[in-house]
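Welcome! Please take a moment to turn the model around on your screen, and then we will walk through some of its parts together.

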Amino acid sequence: MDTRQDIHLAELKNVTIRPATAGPLEDEINRIIEAGSREHPLHLLDLDDLVRKHLIWLRSMPRVTPFYAVKCNDHPAILATLAALGTGFDCASEAEIRTILALGVTPDRIIFAHPIKSVQALAFAKAHGIRRMTFDNECELVKVAREYPEAELVLRIRHDSDRVLIALGKKFGCDARGDGRRLLARAKELGVSVIGVSFHVGCGSLDADCFYDAIASARSVFDYARDELGMRLWLLDVGGGFPGDND
């Protein structure tokens with residue numbers, strides 16, 4: 001683990017770190033209940049469980065590097081733990097990027113994953129060497145070409161699961177075969193580097209098979225970029241929404 005990130009975890013305010021030998025989390029909950037009423041709400045974070053699930057991910061999908069979406073839960077203990085584990089971070093705003101950089105995370109472990117960014121946010125990303133970022137429209141493409149031509153862009157395509165708690169296609173992503181191809185051609189005209197494709201099937205997907213179709217759609221973009229435009233894409237961002245349970 002990065003010692004800088006260990007220090008960040010140890011110095012968090014209003015956070016009590018329980019050693020792994022302290023026993024089950026249920027024992028801690030019972031102890032708190034038995035201590036009587038409290039003036040303020042209390043959150044319990046099982047960081048052991050977080051580490052365990054991170055390791056399960058690495059074993060189950062060794063070719064997929066995890067990038068944690070900060071907006072899911074930005075509690076300092078969670079972010080510091082994941083930073084120490086070496087994971088990447090999916091940041092949707094300048095504020096989130098600032099938070100992650102403060103943990104000592106290097107720019108290559110951050111993707112600016114919002115398809116519409118302010119000029120100020122682009123300038124901040126450029127100043128701190130954060131090159132990877134998503135886009136799904138021509139206005140954003142032209143803006144990046146003007147403000148940060150060294151950026152490495154990831155084209156976000158739309159592919160919603162039919163069985164999902166929160167669909168994101170109404171907000172983000174372009175059609176892979178229509179606008180996607182046009183945007184790639186425009187990027188080539190502007191001299192902007194597009195390195196890959198991203199998608200997000202939606203939050204809380206109940207359908208694992210939708211990922212097969214989404215990857216096939218992304219593959220069509222890769223093939224078009226190579227065969228028709230002479231562009232080499234090498235990164236595939238498979239988003240989130242993975243089905244599963246608490247175990």
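## Strands side by side

D90 stands opposite I111 in strand β3. From β2, the chain reaches β3 by passing through helix α5 (residues 94-101), and this β-α-β crossover is right-handed. Keep in mind that you are looking at a predicted model.

Together with helix α4 (residues 76-85), β1 and β2 make a right-handed β-α-β unit.

| Strand pair | Residues of the partner of β2 | Bridges | Direction |
|---|---|---|---|
| β1 and β2 | β1: 67-69 | three | parallel |
| β2 and β3 | β3: 110-112 | three | parallel |

Are the residues of β2 buried or exposed? G88 and D90 on one side are buried, and so are F89 and C91 on the other, which leaves both faces of the strand covered.

A search of the whole structure finds one aromatic pair. F199 and F211 form this tilted pair, with 6.5 Å from centre to centre and 55° between the planes. F199 sits in the loop between β6 and α9, while F211 belongs to helix α9, twelve residues apart. Elsewhere, K117 lies over the face of F112, 5.7 Å from the ring centre.

Finally, find G230 in the loop between α9 and β7. G230 counts as exposed because its relative accessibility is 66%, over the 50% cut-off. K188 is 42 residues away from G230 in sequence, yet their C-alpha atoms are 9.4 Å apart in space.

Terms used. Residues numbered from 1 in each chain as written. Predicted model: local features only at pLDDT ≥ 70, side-chain atom pairs only at ≥ 80, totals over all residues. Heavy atoms only, no water. Phe/Tyr/Trp six-rings, centres within 6.5 Å; stacked < 30°, edge-to-face > 60°. Helix = DSSP H or I, 4+ residues; strand = E, 2+ residues; numbered from the N terminus. Lys NZ or Arg CZ within 6 Å of the ring centre and 35° of its normal. Buried < 20%, exposed > 50% of the residue type's maximum accessible area, 1.4 Å probe, protein only. Pairing = 2+ DSSP bridges. Right-handed = clockwise from strand over helix to strand, strands pointing away.
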